Each structure stands twice: as structure tokens, then as C-alpha cells.
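Trainee: I'd like to learn how to read side-chain contacts and sheet layout from a model. Can you walk me through it?

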Amino acid sequence: RNDGPADSTSQYLAVIGVRVTNAFYKIKKEKWKVLEEDEEKKQPILRFFEVPDSKVLFLYFNSKDELVATNTFPPTTDRRSNTKLLYFTKKTEERITFENINSILMSGEMPADQVVDF
């Protein structure tokens, strides 16, 4: 197995991609591909995996029906009101690797009607 930067990036994106396509089961895989292939749009995902003190990752659909990844809680004004919010968090502040991913990565969903700004 190659553990170079490019290989790690594709593995990180694959982990998140599976969870996204399962959570947002009605989305077309093309919406994930747009985020996955755009260098700027996928940076929050890579930051979450690679930077120890990057503690959260949120994925949601914005008001333009684009899948968005962010490391901060998304404002209500930018979210599509009828969709859930998918989140990932770490149990500890460390870089996620494939050796520790199962012990430190947690994820979940919040229904749209229960998501409020704080």
C-alpha cells in the first residue's frame, strides 16, 4: 500500500464519500464528484484529517443545492432548509490515519428541522 500524500488524500475522500452518499441517499454521485474534484472545495475535508486541532467537519447542501464541506458550523442562511447536516468529529486532537480512524472518528446527522445556529 502506498502511503504518499496523493494516496492518503484519495483514501480520506473515499471514507467521507461513502458516508456522504449513504447519508444523502437521494443525491446523485455527481454532486459528490464536484466537491471531491475541486481543490478548494475539498480543503476542509483534508484539513480535518491532517490537522490535529481541526476538530469538526460539516457537510450540507447550500441554498444553491451545492454540496459544501466546512470546518465551522454553517449559518442557517446558507443551508437548504429541507436537508440534514452531516458532521464528523474527533475524540482526540490528532491527525487521522488509517491505523487510528476507527478509534477517534465519530460521525452523525442532524435533521434540518433541529439544526439551529448557536
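Trainee: Leaving aside neighbours within four places in sequence, which residues is isoleucine 45 in contact with?

Mentor: Contact here means heavy atoms within 4.5 Å. By that test, isoleucine 45 touches Leu13, Ile16, Trp32, Leu35, Leu57 and Ala69. Keep in mind that this is a predicted model, where local features need pLDDT of at least 70, side-chain atom pairs count only at pLDDT 80 or more, and totals for chains, interfaces and linings use all residues. Residues are numbered from 1 along each chain as its sequence is written, and side-chain values use heavy atoms, with hydrogens and water left out.

Trainee: Is isoleucine 45 buried or exposed?

Mentor: Buried means under 20% relative accessible area, exposed over 50%, partly exposed in between (1.4 Å probe, protein chains only). Isoleucine 45 has 0%, so it's buried.

Trainee: How far apart are isoleucine 45 and alanine 69?

Mentor: They're 24 residues apart in sequence, but 6.7 Å apart in space, C-alpha to C-alpha.

Trainee: In what order do the strands of the sheet run?

Mentor: Strands (E, at least two residues) and helices (H or I, at least four) are DSSP runs, numbered from the N terminus. Two strands pair if DSSP finds at least two bridges between them. Here four strands form an open, antiparallel sheet, ordered E2-E1-E3-E4. E2 (67-70) and E4 (105-110) each have a single partner strand, so one side of each lacks a neighbour in the sheet.

Trainee: And what is the bridge partner of leucine 57 in E3?

Mentor: Phenylalanine 88. Strands E1 (residues 56-61) and E3 (residues 85-90) pair in the antiparallel sense over four bridges.
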